[in-house]
Amino acid sequence: MRSLSVYLSNGGALTDVRLVEGQDERWTMFVRLINRPGEYRLNLFKSDQPKTYRDVDLAIATVRDDFGYYGSITLATEQRPKAGKAQAGPITDSDED
């Protein structure tokens, strides 16, 4: 996270942010940088472990307030519906009647 803050303070910029909810219900942040190819996972400082957030609102606030990024943020999940829960499906012509 410190490396990203330094990168941004030296004139770098984010072009895309993706937040992914893991099986542990924690959010991991992936970013794309303006002058570097690929996507980078935000890690803890001096660690290969990802920086995770328990609250998606806090993750979004970090992107907006700490990194100054106001573009689109993609949200994705690795969670699967729990057994027995009804799943929403696509709307069909027969559903609209």
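This section describes the fold, strand pairing, nonpolar core and selected residues of a predicted protein model.

Residues are numbered from 1 along each chain as its sequence is written, and side-chain values use heavy atoms, with hydrogens and water left out. Because the model is predicted, local features need pLDDT of at least 70 and side-chain atom pairs count only at pLDDT 80 or more, whereas totals for chains, interfaces and linings use all residues.

The protein chain contains two helices and five strands, where helices (H or I, at least four residues) and strands (E, at least two) are DSSP runs numbered from the N terminus. Read from the N terminus, the order of the elements is α-β-β-β-β-α-β. Of the 97 residues in the protein chain, 27% are buried; buried denotes a relative accessible area under 20%, exposed over 50%, and partly exposed the range in between (1.4 Å probe, protein chains only). The accessible surface of the protein chain is about 7,000 Å², and carbon and sulfur atoms account for 48% of this area. Accessible areas were computed by the Shrake-Rupley method with a 1.4 Å probe, and for residues only the protein chains shown count as cover. Among contacts (heavy atoms within 4.5 Å) with a separation of 6 or more in the protein chain, 50% are between residues 24 or more positions apart.

Strand β1 pairs with two strands, β2 and β5; pairing requires that DSSP finds at least two bridges between the strands. The pairing of β1 with β2 is antiparallel and comprises seven bridges. Within it, Leu19 has Met29 of β2 as its bridge partner. The hairpin formed by β1 and β2 has five residues between the strands. The pairing of β1 with β5 (residues 73-77) is parallel and comprises five bridges.

Glu21 belongs to strand β1 (residues 14-21), and its bridge partner in β5 is Thr77. The side chains of Glu21 and Thr77 are also joined by a polar contact of 2.8 Å. A polar contact is a pair of N or O atoms within 3.5 Å; within protein, one atom must be able to donate a hydrogen and the other to accept it, and residues adjacent in sequence count only if both atoms are side-chain atoms. Glu21 is classed as buried because its relative accessibility is 18%. Leaving aside residues up to four places away in sequence, Glu21 touches Arg26, Trp27, Ala76, Thr77, Glu78 and Gln79.

The largest nonpolar core has 17 residues. Such a core is a set of buried Ala, Val, Leu, Ile, Met, Phe, Trp, Tyr and Cys residues joined through side-chain atoms within 4.5 Å. Leu4, Leu14, Val17, Met29 and Phe67 touch the most other members of the core. At least two core residues come from each of α1 (2-9), β1, β2 (27-33) and α2 (56-66), and β2 gives the most, with four.

Thr28 is located in strand β2 and is buried, because its relative accessibility is 12%. Residues up to four places away in sequence aside, Thr28 is in contact with Arg18, Leu19, Val20, Arg41, Pro50, Lys51 and Thr52.

One salt bridge was found, defined as a side-chain nitrogen of Lys or Arg within 4 Å of a carboxyl oxygen of Asp or Glu. It is formed by Glu39 and Arg18, whose closest N and O atoms are 2.7 Å apart. The pair links distant parts of the chain, 21 residues apart, with Glu39 in the loop between β2 and β3 (40-41) and Arg18 in strand β1. Glu39 is partly exposed at a relative accessible area of 31%, as is Arg18 at 26%.

Most residues other than glycine have a negative phi. Glu25, in the loop between β1 and β2, has a positive phi near 65° and is partly exposed, with a relative accessible area of 47%. Lys46, in the loop between β3 and β4 (52-53), likewise has a positive phi, of about 55°; Lys46 is exposed, with a relative accessible area of 77%.

Arg2 lies in helix α1 and counts as exposed at 54% relative accessibility. The C-alpha atoms of Arg2 and Asn43 are 9.4 Å apart in space, and the two residues are 41 residues apart in sequence.
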